[in-house]
Amino acid sequence: MEYETSYDELMERIKEIIRAGDVTKTRTIYEEYHAVDIDEVLEDMEASELQYFLFMLDPEMVADLMENAEDDLQIRMTNFYSTKELIEIFSYMSNADVADLLGLMGTKRRKDLLNYMKKSDSNTLQMILSYDEESAGGVMTTEFLSLKQTLSVGEALLKIKEIAPTTEIIESIFITDNLHRLVGIVDLRDILVAAGFTPLSDLIQDHPFFIYADQDQEDAANLIYKYDLKYLPVVNKNMAILGIITSEDIIEVMEQEHSEDILAMSGVSKDEEYDSNFFESIKSRLPWLVINLFTAFMASAVVSMFESTISQVVALAAAMPIVTGMGGNAGNQALSIVLTSIARDEMELKEDFPLVLKEIGLGLFDGAMIGLLAGIVLYFKYYNFFLSFIIFAAMILNMIIAGIVGFLLPLLFDHFEIDPAISSPIFLTTCTDIFGFFIFLGLATTLLPKLI
């Protein structure tokens, strides 16, 4: 299988196969290339070409391509198949992936598919679909081994042989009581070496980690990351096990959460993609730009308070953006560290509030160093010691404020259950601009006779 491939070369090969109608070569392509590479090419194909190519593949191959495809391509693929054909394709996919795909479909198509399925499969999928797509229940897989603690090792082995082909995790068996409540786990190795008459209850190991199905997927990611777990059981309020989240599943979750945080910090909706249509992008970006405009007017109002001072010392207009710009950069450094720590569930306001003293110290030291450099440059440009002193003092004060705000804001928003990635950057920029302008121009006004 080739993992490094030329898009143009693969596109040409697939189109040639479609023109020739060569089923054998179609399957050769599938075996040679990764499904992700094939999907990238299929995304750019005309509907007729895509349909023709898919129809030359076995349902299991189509299922693999569907699992790895982006949402838009998945929907395009499903449109070519009848309900009965899709059910067959779904039989080769995990319940979690099928549930994700059903969630993208229209209500009528989804109902038709669920009604056509076996009742047990339909109930499982409807249970997954009942949870928010970004909750633990929404990302869990239901392909796992669960046995009652009353079984003997011999009985357990028979069950394992029966169920194993359809499970994702086999090395660990989840043990439940008669009400399907999670009791613990048993390693498959322990079952294989134990005597057949040994009750499973004698082999149970405690597994204290679990997550409720309605908790956020980010909470699951934090648990798996923090405790280096291979899997995390998902339970309901009665502690009945519903599914599991594996470490492999969580990689995609962490990437998604990271991307959402980056977009949120920039004032962009998590739903916007690089190829989103014009009006979707306007809807995503414009509201945040309006908010930023309002905060910019607030900073401008502070500057207007000192118009007389600026008109008398024009050099101030060139120097004051340095103070606000460096303050913003210092605040963003603190903000990035805290946001990352919050995402990993490593920080809380009550426990980590004293660390703000470190940010004050950093602001004092960094502000003094940067302020000294800026002051030296301004002195050789304007030959005014007091202008250099003003920017030196303003830099220290604003960088201390920036460190405090950048540290405390995300912790405060997180404490009040407001997404800090969305809220903090806007307020941070506003604070560093307003305080930066006020401190710099306030000092300049006080020392105005020395500047003229």
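Rings of Phe, Tyr and Trp (its six-membered ring) pair if their centres lie within 6.5 Å, and planes under 30 degrees apart count as stacked, over 60 as edge-to-face and the rest as tilted. By that definition, a search of the whole structure finds eleven aromatic pairs. One of them joins Phe210 and Tyr212, edge-to-face at 5.6 Å centre to centre with 80° between the planes. The structure is a predicted model, in which local features need pLDDT of at least 70, side-chain atom pairs count only at pLDDT 80 or more, and totals for chains, interfaces and linings use all residues. Residues are numbered from 1 along each chain as its sequence is written, and side-chain values use heavy atoms, with hydrogens and water left out.

Phe210 is partly exposed at 27%, and Tyr212 is partly exposed at 24%.

Strands (E, at least two residues) and helices (H or I, at least four) are DSSP runs, numbered from the N terminus; two strands pair if DSSP finds at least two bridges between them. Strand β4 (residues 211-212) and β5 pair in the parallel sense over two bridges. β5 also pairs with strand β6 (residues 241-246), in the antiparallel sense over five bridges, and here Tyr231 stands opposite Thr246. The hairpin of β5 and β6 has five residues between the strands, and Met239 in its turn has a positive phi of about 70°.

Why is strand β5 (residues 231-235) described as largely enclosed by the rest of the structure? Five of its five residues are buried. In a regular strand the side chains alternate between the two faces of the sheet. In β5, Tyr231, Pro233 and Val235 lie on one side and Leu232 and Val234 on the other, all buried.

Tyr231 forms one aromatic cluster with Phe144 and Phe174. Strand β2 (residues 169-176) pairs with strand β3 (residues 182-187) in the antiparallel sense over five bridges. Ile175 stands opposite Gly184 in β3. In the hairpin of β2 and β3, His180 takes a positive phi near 70°.

Among the helices, the axes of α18 (residues 315-343) and α21 (residues 385-415) come within 8 Å and cross at roughly 30°. His415 is found in helix α21 and is partly exposed, at 39% relative accessibility.

How values were computed
Axes fitted to C-alpha atoms, helices over the stretch in contact; angles between N-to-C directions. Buried < 20%, exposed > 50% of the residue type's maximum accessible area, 1.4 Å probe, protein only.
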